[in-house]
Amino acid sequence: MKKIISVLLCILIMIPLSVSAFAEEGDTVTEGLSATSAILMEMSTGKVLLSKNPDEKLPPASITKVMTLLLVMEALDSGKIALEDTVTASKNASSKGGSQIWLKEGEQMTVHELIKATAVASANDACTALGEYIAGNEASFVVMMNERAKELGMVNTNFENCSGLDDTTENHYSSARDIAIMSCELMKHGQIVEYTTIWMDSLRDGATELVNTNRLVRFYEGTTGLKTGTTSKAGYCVSATAQRDGMELVAVVLGSTDSTERFEDAKKLLNWGFANYAVYTPQVDASLITNVGVLYGVQNSIMPIVKPTDNVLIKKGAEENITQRVDICIDVEAPVEKGQKLGTVYFEADGEEIASCPIISENAVERRGLFFVFSALWSTFAKK
């Protein structure tokens, strides 16, 4: 009997540990980061999984170019510019220092080549040339960058240039959370991955070699991008995106002490996310949806439809325990509007609701009028 009691006590002691282990492991990861600020976000839901000083305003260095590339991709999608367009380098663009492809004033390159130089080699001259091509000059492009940041809800960001060079800037900053937000927005443009996953390439018929500044592209499974940044003010930074098993994560690391540490911190965050979470797409069991009666309508019933819902983030393994529960009207009084809510499908895991899908009317149903009643009576008598 004593042995049985001892075993039961051990089980009771271990239960709270197993429940809290998930959170404690996450805390251990963030505490072990060398970076000043960091965040791990799931891209389709925008859910923050881990963070360390995520809203601290810090110089973002060349991660600034994420916003530049976002505006470039949006300009491409809108038809304002095209990949084949020829861009002529200005004096301003060709004078940029730091990482560059040594553009000469008056030299011409295509938008495609300049995107490649910006995304792969973090070229400040190429980046500036793109901004000037879209807005006419760099100052106007920076206005566009700040306006887009506000639209995205980036409340701790202000840009002074499109490259991230900060030797002379006084008010150029962002935060890990804001960078994650704009990184997620950029990655909605699938075409950018064609550039951000290049490891090595070249320009000028092979005369200018390009090597990706993001070593995760070569050494981390599932990497899709995105951008590194390094200056004396900012330290070593990276916004790292990766995809595995249908889930996309972004890990932002700011203010690391050296290049190796920033990538190690990013890997720690990504590894933890992929090990502990999964994306679940709610799929409704159609057999659970029944006809809804229509009182006083020109038709007696309607077959409702289920409005799809967004993906949800769940703890890995929880998908095996997900159940569906339907709450739907038996009948509804006419008139029924198109899109009118008739019920809800609830998705639950371990007794907790994780998602819901509204059940709606696919079509409108009018209420019966006198003409309809007389027509129905006439049809009945005519058959007799």
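1. How many aromatic pairs does the structure hold? There are three aromatic pairs, where rings of Phe, Tyr and Trp (its six-membered ring) are paired if their centres lie within 6.5 Å, and where planes under 30 degrees apart count as stacked, over 60 as edge-to-face and the rest as tilted. Please read these and the following points with the origin of the coordinates in mind, since this is a predicted model in which local features need pLDDT of at least 70 and side-chain atom pairs count only at pLDDT 80 or more, while totals for chains, interfaces and linings use all residues. Residues are numbered from 1 along each chain as its sequence is written, and side-chain values use heavy atoms, with hydrogens and water left out.

2. One of the aromatic pairs is that of Tyr280 and Phe347, whose ring centres are 6.3 Å apart and whose planes stand at 65 degrees, so the pair is edge-to-face. Because Tyr280 belongs to strand 10 (residues 277-280) and Phe347 to strand 17 (residues 341-349), the pair ties together parts that are 67 residues apart in sequence; helices (H or I, at least four residues) and strands (E, at least two) are DSSP runs, numbered from the N terminus. Tyr280 is buried at a relative accessible area of 16%, and Phe347 is buried too, at 0%, with buried meaning under 20% relative accessible area, exposed over 50% and partly exposed in between (1.4 Å probe, protein chains only).

3. Strand 1 (residues 37-42) has six of its six residues buried, so it is largely enclosed by the rest of the structure. The cover extends to both faces of strand 1, with Ser37, Ile39 and Met41 buried on one side and Ala38, Leu40 and Glu42 buried on the other.

4. Strand 1 runs antiparallel to strand 9 (residues 247-256), to which six bridges join it, and in strand 9 Val250 stands opposite Met41. With strand 2 (residues 48-52) strand 1 pairs over four bridges, again in the antiparallel sense, and here Ile39 stands opposite Ser51. Strands 1 and 2 form a hairpin with five residues between them, and in the turn Gly46 has a positive phi of about 75 degrees.

5. The count of salt bridges comes to eleven, a salt bridge being a side-chain nitrogen of Lys or Arg within 4 Å of a carboxyl oxygen of Asp or Glu. Among them is the one between Glu107 and Arg204, in which the closest N and O atoms are 2.8 Å apart. This pair links distant parts of the chain, 97 residues apart, with Glu107 in the loop between helix 3 (91-94) and strand 4 (108-110) and Arg204 in the loop between strand 5 (200-203) and strand 6 (208-211). Arg204 is partly exposed, at 27% relative accessibility.

6. Glu74, Arg148, Glu151, Glu185 and Lys188 are linked in a network of salt bridges. Within it, Glu185 meets Arg148 at 3.5 Å, N to O, and since Glu185 lies in helix 7 (residues 176-187) and Arg148 in helix 6 (residues 138-151), the pair ties together parts that are 37 residues apart in sequence. Glu185 also forms a salt bridge with Lys188, at 3.1 Å, N to O. Glu185 is buried at a relative accessible area of 15% and Arg148 is buried at 15%, whereas Lys188 is exposed at 62%.

7. The largest pocket holds about 300 Å³ of space. On a 1 Å grid over the protein atoms alone, a pocket is an open set of points where a 1.4 Å probe fits, with protein on both sides within 12 Å along at least five of seven lines, and lining residues have an atom within 4 Å of a point; the volume is the space filled by probe spheres set on the points, which are joined across faces, edges and corners. Of its 14 lining residues, Lys315, Ala318, Ala349, Asp350 and Glu352 are the closest to the centre. Strand 14 (312-315) and strand 18 (352-360) each supply at least two residues of this lining.

8. The second largest pocket has about 170 Å³ of space and is lined by 15 residues, with Ser62, Ser99, Ser122, Gly229 and Thr230 nearest its centre. Strand 7 (residues 223-231) gives the most to this lining, with five residues.

Methods: Two strands pair if DSSP finds at least two bridges between them.
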